[in-house]
Amino acid sequence: MKEQLFQRLREKKEQIIEIRRYLHAHPELSFHEENTAKYIRNFYADKDCEVRNNVGGNGVVVTIDSGKPGKTVAIRADFDALPITEETGLPFASESPGVMHACGHDGHTAYMLILGETLIEMKDQLRGKIVILHQHAEETPPGGAMQMIKNGCLDGVDNVFGIHVMSTLETGKIFYREGNIQTGRAYFKVKIIGKGGHGSSPHMANDAIVTGSYFVQAVQTIVSRRLNPFDVASITIGSFDGKGSFNVIKDSVELEGDVRVMTEETREVVEREIRRILDGLQAMFGITYELDYQNDYPVLYNDPELTEFVANSLKNSSIPGVTGVERCEPQPPSEDFAYYAKERPSVFFYVGAMPADGTYYPHHHPKFDINEDCLLIAAEAMGAVVVDYLRRDDK
């Protein structure tokens, strides 16, 4: 059956690419993907499946029911874009100013639509059910996954699988890893409030910029001096708004930061220490502060037993164009697929998408692009895993 599936998907390769290019040219930001959601709905309109629209927002859930008893597996593809001005020069570059598919979600949607269509055509050969999660708003907290889960997208689902195409990984290879594989994330914004004054009389003021500078340095000691050396975390101050006149002491500054961790325990330590540092600066400099600290995407956890199943399925499926299936290192970015993995045993794996000439740009870069050969590989890889998963009961 997998050979038949692969053959049908190969026959549709150009259609996958055509869909990807259309979506690439018409990107929409998180929580504003009305036209993309409509495109997805229309694609399934005349097909033998159940379609739920507006799931948790702009999400679309498609159920393929074989009519035979068996497991229910969910497979997920996200479809939102980013607030980035595209600089690729592609003939199908974004037609929406300041908005770009710079993370591959156009490719995820394209391969999933054609895989979904093909699985519908072949559903009489399957058992159980397949639930396709076309998810909105992966890029922006609180994220579409949480909203879709609250709206029942996982009702009756046993396990969830997801793929991300990766421009930084070699095309032709598929990568997997068990356990914690992508970071959890937090965002914080702190306003440090001092007392303004004239640069000639600093003793009559209370310089918020000086306090803010101490804060920038101090938070870096959390990783170096408060965490176990075997734990992983990063803290980035991405914004320091202290602009003013050169001879005026600012009365307040605002800083924004990003936190990434690989365990939920580390997440708790980092937040606690940031609050302690601010309390210390308040006593040391006589300032006050306002802190907005938001934990959002969890650490993404791949179920070890299910990951082993996925790896074996991929290695034993003789997928055309695949030159290797390899265990990889954890990936630094965060991913709201983690919410599905908290609800059901799940596996998230990666398909290499590096351009053929070896020149690549990372995700979220204005020149980001993928090798479109990865799209057929992604469809075949996910299709192989789904077929093997649903046929396990037969064995």
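Q: How many positive and negative side chains does the chain have, and how far apart are the centres of the two sets?
A: First the counting rule: Lys and Arg are positive, Asp and Glu negative, while His and the chain ends are left out. Each charge is placed at NZ of Lys, CZ of Arg, CG of Asp or CD of Glu. Here that gives 41 positive and 58 negative side chains, with the two centres 3 Å apart. Bear in mind that this is a predicted model, where local features need pLDDT of at least 70, side-chain atom pairs count only at pLDDT 80 or more, and totals for chains, interfaces and linings use all residues. Residues are numbered from 1 along each chain as its sequence is written, and side-chain values use heavy atoms, without hydrogens and water.

Q: What does the secondary structure of the chain come to?
A: Helices (H or I, at least four residues) and strands (E, at least two) are DSSP runs, numbered from the N terminus. The chain has ten helices and 16 strands. Its radius of gyration is 24 Å, close to the 21 Å from the globule rule for 395 residues, so the chain is as compact as a globular protein of that length. That radius is taken over C-alpha atoms, and the rule is 2.2 Å times the number of residues to the power 0.38.

Q: How do I read an aromatic pair?
A: You describe two aromatic rings by the distance of their centres and the angle of their planes. Rings of Phe, Tyr and Trp (its six-membered ring) pair if their centres lie within 6.5 Å; planes under 30 degrees apart are stacked, over 60 edge-to-face, and the rest tilted. There are eleven such pairs in this structure. Take Tyr-214 and Phe-285: the centres are 4.9 Å apart and the planes at 65°, so this pair is edge-to-face. Tyr-214 sits in helix α6 (residues 208-225) and Phe-285 in helix α7 (residues 264-285), so the pair ties together parts 71 residues apart in sequence.

Q: Which residues do ring pairs link into a cluster?
A: Phe-337, Tyr-340, Phe-348 and Tyr-350. Within that group, Phe-348 and Tyr-350 are edge-to-face, 5.8 Å centre to centre with 90° between the planes.

Q: Is His-101 buried or exposed?
A: Buried means under 20% relative accessible area, exposed over 50%, partly exposed in between (1.4 Å probe, protein chains only). His-101 has 3% relative accessibility, so it counts as buried. You'll find His-101 in the loop between β3 (72-78) and α4 (105-121). Leaving aside neighbours within four places in sequence, its contacts (heavy atoms within 4.5 Å) include Leu-23, His-24, Asp-80 and Phe-368.
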